[in-house]
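Dear colleague,

Please find the structure below, followed by a short account of what was found in it.

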Amino acid sequence: MVGADVARIVDNDADVIVVGAGPAGSSAAHYLAAAGRSVLLLEKATFPRDKICGDGLTPRAVSELVRMGVPMRPEDGWMRNKGLRVVGGGHTLHLPWPEIERYPAYGLAKARTGLDETLAHHARATGAKLLEGMNVTGPLLDDRSGRIVGVTVRTVDARGRKVAGAEEQILRAPVVIAADGVSARLATAMGITKRDDRPMGVAVRTYFRTPRHDDEWMESHLELWEGEPRMSPLLPGYGWIFPLGDGTANVGLGSVSSTAKATQLDYRSLLETWMRNAPAEWEFTPENQIGPIRGAALPMAFNRKPLYRRGLILVGDAGGMVSPFNGEGIAYGLQAGRIAADVIGQAFARDTAAERERTLATYATRMADDVGGYFQLGRQFVKLIERPEVMRICTTYGLPRKHLMNFVLKLLSDSYDTRGGDASDRIITALTKLVPAA
């Protein structure tokens, strides 16, 4: 509902409004525009803008970018990598990305300051109307049905501050996509609340200048030591080093809790301690650090449901689409945008309101069918690894067994073949089908 002082912008009405121009929102806007729909892609910030992230893209995410037709040239800041270098338990193991049918056998890294802008501009080039500096203040609801029929917006400056004299306005569309991140303000306003029984991760990261910026392996540290490895207390969590190929690397750490209550740790202090004891060849010294340590919550395993309600579709972090296995959300956000666009297109082809509503409701089913079992399996995985004694056993006895670790890489990176493949592919596929969809 809106007050009488709110002005309506008639010429900006669209078939679909997408709130948030991160990967999920830009994916949805791209596919909708490609299908001939009029789309408003609203972004509160002004590009380029930052997002707390590891900046790493698994082959699953790369396959979605390929499907979108996004150019990924090295000269544009796309750093290709061969796989994962895993460090832990006194061992270092190089695990190449799997050769499977559905994904390319390489990953990418690109800073989110460039990635999100690239995807938003790609959606705009396809035909979506990108409006930056647009703060969505709330949903516009139909008085009788309670259905969302648009949003109220206010123009803000590059720092997100209200522009003096800017009048609140209305933008109308029969379907709204919420891609507004972990805050999920639209979903909350529509009564879609966060679930307490889903994992919640926390990650912090910063950037360093490093001579190993062009290393072709993403690096994961399964053990973080306060001092000399195996001679000092073991810190909770896991760390990563993702070379970006531009003279810098994204360096961070994260941990996960099996419930919505995040672990109460001083993550910035933990990262600083780890950096003091990181391998010297990376040169992670204070003078090489670029910018502050910043952190963010990672909502996992569909922690906000339903994914569709009364004209509102949740994609990306707004719907808790982060993998409990590895903290990745970009791949699932891109996929969700693609599926949401397809469902909306199918709904618009129906003749009656009831048929359209039933079709829109299939979005949640399609997401659950595709990744629900995998997320549910991830919830069980989190319950194990949040126990330090379990992680110690896994790193000590698991890492030396390369065949086992190749299986683990497929599982953790969601890079397994669902149609045939080898024995490990078939086992993972069977496991995701045995558990009920999340």
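Ile427 lies in helix α11, residues 423-434 (helices, H or I with at least four residues, and strands, E with at least two, are DSSP runs numbered from the N terminus). The model is predicted, so local features need pLDDT of at least 70 and side-chain atom pairs count only at pLDDT 80 or more, while totals for chains, interfaces and linings use all residues. Residues are numbered from 1 along each chain as its sequence is written, and side-chain values use heavy atoms, with hydrogens and water left out.

Ile427 is partly exposed, with a relative accessible area of 44% (buried means under 20%, exposed over 50%, partly exposed in between, with a 1.4 Å probe and protein chains only).

The structure holds ten aromatic pairs (ring centres within 6.5 Å; planes under 30 degrees apart count as stacked, over 60 as edge-to-face, the rest as tilted). One of them is tilted: the ring centres of Phe208 and Phe284 are 4.9 Å apart, with the planes at 40°. Phe208 belongs to strand β14 (200-209) and Phe284 to the loop between α5 (267-276) and β20 (289-299), 76 residues apart. Phe208 is buried at 2% relative accessibility, as is Phe284 at 8%.

The pair of Tyr332 and Phe375 is edge-to-face, because the planes stand at 65°, with centres 5.2 Å apart. Tyr332 lies in helix α6 (330-348) and Phe375 in helix α8 (362-385), so the pair ties together parts 43 residues apart in sequence. Both residues, Tyr332 and Phe375, are buried.

Yours sincerely

Key: Rings of Phe, Tyr and Trp (its six-membered ring) pair if their centres lie within 6.5 Å; planes under 30 degrees apart count as stacked, over 60 as edge-to-face and the rest as tilted.
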